[in-house]
Amino acid sequence: MALLDIEHVTRRFGDFAAVDDVTLAVEAGEFFTLLGPSGCGKTTLLRMIAGFDLPDGGRILLNGQDLAGQPPEARPVRTVFQNYALFPHMTVEGNVAFPLQMARVPAGERPARIAAALEDVRLIGFEKRYPHELSGGQKQRVAIARALVTHPTMLLLDEPLAALDAKLREELQIELINLQKEVGIAFVYVTHDQTEALALSHRIAVMNAGRVEQLDEPSKIYGFPRTKFVADFIGQCNLFSGLVTSQSAGVVTLDVAGIGPVRVATQASVAAGSIGTIALRPEKVRIAAAAPVDSPDNHFRGTVADLLYMGDVTVYRVQTSDGSRIEALLANSQSGRAKFFEVGDAVEMSWPVDAGHFIAG
Amino acid sequence: MAKWIVSGPPLLYLLVFFAIPALIMVVASFRSPGEFGGLAPLVDEAGKLDINLDSYARFFTETVYLQVFFKSAWYAALTTLICLALAYPLATLIAKSPRKYRDLLLLLVILPFWSNFLIRVYAWMIILGPNAALARVINGALAFVGIEPVPLLFSAFAVLVCLVYVHLPFMVLPLYANLEKHDQALLDAAQDLGANGWQRFWRITFPLSLPGVYAGAALVFIPALGIFAIPDILGGPNDTLIGNLIKQQFLETRDWPFGSVLSIVLTVAALALAGIAAWVGRRGAGSIARA
């Protein structure tokens with residue numbers, strides 16, 4: 001039995017299934033992320049765990065107990081809302097004290113509990129401030145302290161960092177990881193930001209159109225996407241679709257329109273004549289001015305159509321003679337270097353069979 | 001320069017029609033009443049300046065006037081409380097109804113303003129009259145349990161009912177304006193943190209609505225304090241309020257200095273209350289207004 005079991009949960013709004021037969025389990029102490037584009041059902045699922053929305057079908061069990069019939073105030077889970085939802089007429093201290101008062105924690109115990117929670121989020125000294133006197137990052141820390149002060153079974157976080165700027169977001173991501181380790185409470189984290197999900201989570205459920213497309217560890221999600229959607233949504237990815245022309249010794253050859261035959265290693269048994277897709281990360285593509293001296297498994301020629309300087313790396317979009325585009329990425333290891341090639345340069349691209357990942361369909 | 005052109009006319013208007021008359025009233029309160037009403041000459045036959053505190057002394061020594069004053073404050077306070085109790089659920093209902101119905105509901109609240117104030121007060125004479133359905137039902141029920149019939153009209157009851165009726169929209173509108181802006185996420189957060197319905201109301205909704213409550217209370221209490229038409233028309237002999245007293249002094253007894261004293265006391269009391277309300281409101285709601 002896991003800490004949280006979601007069994008065949010469905011939520012419909014009219015004809016539209018926001019959450020469509022989702023089954024997953026969250027273990028105690030886990031940092032679990034629901035990742036997906038807006039409208040994929042991740043927030044609806046979170047609201048059903050919190051109790052603000054009820055499933056049309058299926059069950060949600062916490063510690064083996066069905067949560068149906070328990071209103072949000074009775075559930076031992078706490079939510080950190082996207083826009084913090086701090087009570088504007090209460091100080092930081094008042095906000096953090098609120099759930100203790102609701103839980104009828106004796107007044108004598110409260111100051112120590114509040115201090116401990118504020119220490120967890122590094123906000124000691126801000127007790128008497130009002131929310132409008134705090135920065136966005138500080139507000140979010142108060143919201144987290146307020147949610148943690150009663151030691152809930154589980155913390156639900158609904159895009160808690162979405163409203164913060166990039167630099168602060170990264171800082172708070174590291175704090176969240178450390179905090180979660182420290183308090184040991186299971187976090188269920190909702191985000192549409194794939195880098196955030198990869199950085200924070202023990203496991204990620206990638207959701208699309210109300211369904212879980214893949215549930216796995218971050219590195220597995222990134223390295224071995226099970227569907228085209230996952231490959232495309234997580235990071236940059238070249239997707240080559242085509243007819244499987246041959247399979248031998250664990251290597252599949254696909255006839256990709258506009259590029260030609262592309263070979264990829266796979267454990268899966270693939271029938272010749274079926275449709276398949278190869279997901280190839282841009283950083284796995286070797287790009288050079290001269291033809292490779294060894295004989296690589298995949299080798300194509302093209303001209304640089306666009307390039308995108310990102311600081312540490314530059315992304316090159318290379319056009320093949322048939323008009324297809326392949327993205328390749330090169331690190332600008334030497335400072336001051338912005339690119340190795342110019343737009344219009346003829347380049348040679350190659351990659352081994354095990355660089356790509358085969359997806360059926 | 002442009003600033004003065006724009007704000008000049010209203011300032012002049014206030015000066016001529018508010019500040020100067022108020023000043024005249026202050027001066028009148030220190031003078032003696034004339035033999036046949038109005039004011040006695042400022043300088044008497046002996047050439048002595050006739051300035052005194054007689055009217056003030058009369059107000060503070062003859063307890064009947066202070067009694068009337070406190071009774072008025074009591075009626076106004078009761079009106080404010082009843083209006084608040086009635087307006088809060090109403091304003092909540094409007095604020096929570098679908099956006100397309102809100103304007104219609106607000107229109108219904110202010111609809112009575114479209115007919116004349118006195119006509120609405122006289123209408124209550126008919127509604128509360130001895131032959132009206134209301135009185136018959138109540139007195140019928142009382143007779144059933146063997147109690148003498150009670151007149152509804154010309155009573156404190158009639159005055160209060162009408163005071164509440166007339167002032168209710170002044171409480172609903174500021175409350176609605178406040179409640180409509182409340183963020184549902186705060187209530188969700190409170191519920192998530194363990195608060196039940198009552199706790200959510202008393203800990204979140206009500207404190208956040210206090211600016212609206214204060215505004216509504218001021219808009220109801222201050223006019224209710226000085227009203228004279230309603231007790232005149234619907235009240236009994238014991239329902240004389242400070243407003244009636246002032247009217248009497250100027251129109252019937254024709255004791256202008258004493259009327260002026262009553263007016264000044266009323267104005268000062270209203271200003272003091274408004275000042276206290278504003279101060280309490282700022283202290284209690286400062287964080288809300290700025291958030």
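Start where the two chains meet: 20 residues of chain A are in contact with 18 residues of chain B. Keep in mind as you click around that this is a predicted model.

Stay on chain A for a moment and pick out the side that touches chain B. Two elements there give two or more residues each: strand S6 (77–80) and helix H2 (92–102) of chain A. Which of them should you colour first? Now colour the whole side by class, and you'll get 13 nonpolar, four polar and three charged residues.

Next, hop over to chain B and select helix H3 (residues 63–96) together with helix H9 (residues 197–226). Their axes come within 9 Å and cross at roughly 140°, and the crossing of H3(B) and H9(B) is right-handed. Show the side chains where they meet. On the H3(B) side, look for residues including Ser72(B), Tyr75(B), Thr79(B), Cys83(B) and Ala87(B). Facing them from H9(B) are, among others, Val213(B), Gly216(B), Val220(B), Phe221(B) and Leu225(B). What classes make up the contact of H3(B) with H9(B)? There are 13 nonpolar residues, four polar and no charged.

Last stop: helix H4 (residues 99–110) of chain B. Is H4(B) well covered or hardly covered? Hardly: the count of buried residues among its 12 residues is zero.

How values were computed. Residues are numbered from 1 along each chain as its sequence is written. Chains are lettered from A and ligands numbered from 1 in the order in which they are written. This is a predicted model: local features need pLDDT of at least 70, side-chain atom pairs count only at pLDDT 80 or more; totals for chains, interfaces and linings use all residues. Axes are lines fitted to C-alpha atoms, for helices over the stretch in contact, and angles run from 0 to 180 degrees between N-to-C directions. Helices (H or I, at least four residues) and strands (E, at least two) are DSSP runs, numbered from the N terminus. A crossing is left-handed if the near helix is turned anticlockwise from the far one by less than a right angle, and right-handed if clockwise. Two residues are in contact if their C-beta atoms, placed from the backbone, lie within 7 Å. Ala, Val, Leu, Ile, Met, Phe, Trp, Tyr, Cys and Pro count as nonpolar, Asp, Glu, Lys and Arg as charged, and the others, Gly among them, as polar. The expected span of a helix is 1.5 Å times one less than its number of residues. A residue is buried if 20 or more other C-beta atoms lie within 10 Å of its own, exposed if 12 or fewer, and partly exposed in between; C-beta atoms are placed from the backbone.
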